[in-house]
Amino acid sequence: MTIPEGQPDSEFLYNLCVNASVYRDLRRITVKPMTIPEITRALSIMHKVSDQDVVNIISVAVQASKNKTALIKARYHMFAKALEGAYIAIGQHKN
């Protein structure tokens, strides 16, 4: 598959995505914020996809736009859980 001469990459990606069933199913199932594993489980009913496949599909779709309209606007949030407690022992240790 080649990009037609003179067509911007973003427009080519737009046309590619809107015609892909996995993209249409992604749009259909993501009606609320979801984690990547939740999206993968939902898409796995119809498509054989991994978490990394979902990340890649979203990454491509984010770059797609036509007539200055983005195909999707994905927001990634990463959370790190802090250590809730640490325990130490003070005193003599036997060797």
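At 87% relative accessibility, lysine 68 counts as exposed, a class that requires over 50% relative accessible area, whereas buried means under 20% and partly exposed lies in between (1.4 Å probe, protein chains only). The structure is a predicted model, in which local features need pLDDT of at least 70, side-chain atom pairs count only at pLDDT 80 or more, and totals for chains, interfaces and linings use all residues. Residues are numbered from 1 along each chain as its sequence is written, and side-chain values use heavy atoms, with hydrogens and water left out.

Lysine 68 is located in the loop between β1 and β2. Its phi is near 65°, a positive value in a residue other than glycine. Asparagine 67 lies in the loop between β1 (65-66) and β2 (69-70) and has a positive phi of about 55°, although asparagine 67 is not a glycine. With a relative accessible area of 68%, asparagine 67 is exposed.

The protein chain contains four helices and two strands, assigned as DSSP runs (helices: H or I, at least four residues; strands: E, at least two) and numbered from the N terminus. Along the sequence these elements follow the pattern α-α-α-α-β-β. Of the 95 residues in the protein chain, 24% are buried. Contact is defined as heavy atoms within 4.5 Å. Among contacts in the protein chain between residues at least 6 apart in sequence, 39% join residues at least 24 apart.

The packing of the helices was examined next. Two packed helices are described by the angle between their axes and the distance between the axes. The axes are lines fitted to C-alpha atoms, for helices over the stretch in contact, and the angles run from 0 to 180 degrees between N-to-C directions. Helix α3 (residues 36-44) and helix α4 (residues 51-63) pack at an angle of about 100°, and their axes are 9 Å apart. This makes α3 roughly perpendicular to α4; angles of 65 to 115 degrees are classed in this way, those under 35 as roughly parallel, those over 145 as roughly antiparallel and the rest as oblique. From α3, the contact is made by Ile36, Pro37, Ile39, Thr40 and Leu43, and from α4 by Asp51, Val54, Val55 and Ile58. These residues divide into seven nonpolar, one polar and one charged, where Ala, Val, Leu, Ile, Met, Phe, Trp, Tyr, Cys and Pro count as nonpolar, Asp, Glu, Lys and Arg as charged, and the others, Gly among them, as polar.

Threonine 40 lies in helix α3 and counts as buried at 8% relative accessibility. Leaving aside neighbours within four places in sequence, threonine 40 is in contact with Val49, Ser50, Asp51 and Val54. Threonine 40 and aspartate 51 are eleven residues apart in sequence, and their C-alpha atoms are 5.7 Å apart in space.

Helices α1 and α4 pack at an angle of about 130°, with 8 Å between their axes; they are therefore oblique to each other. Ser10, Leu13 and Cys17 of α1 and Val60, Ala61 and Gln63 of α4 make this contact. By class, the contact of α1 with α4 has four nonpolar, two polar and no charged residues.

Helix α4 has 13 residues and reaches 19 Å from its first C-alpha to its last, close to the 18 Å expected at 1.5 Å a residue; the expected span is 1.5 Å times one less than the number of residues. The buried residues of α4 are Val54, Ile57, Ile58 and Ala61. They cover an arc of only 95° around the axis, which puts them on the same side of α4; the arc is that of the directions from the helix axis to the C-beta atoms. An α-helix has 3.6 residues a turn, so residues three or four places apart point the same way. The buried residues of α4 pack against α1, α2 and α3.

In helix α2 (residues 21-29), the buried residues are Val22, Tyr23, Asp25, Leu26 and Ile29.

In the segment before α1 lies glutamine 7, which counts as buried at 18% relative accessibility. Glutamine 7 touches Phe12 and Asn15, not counting residues up to four places away in sequence.
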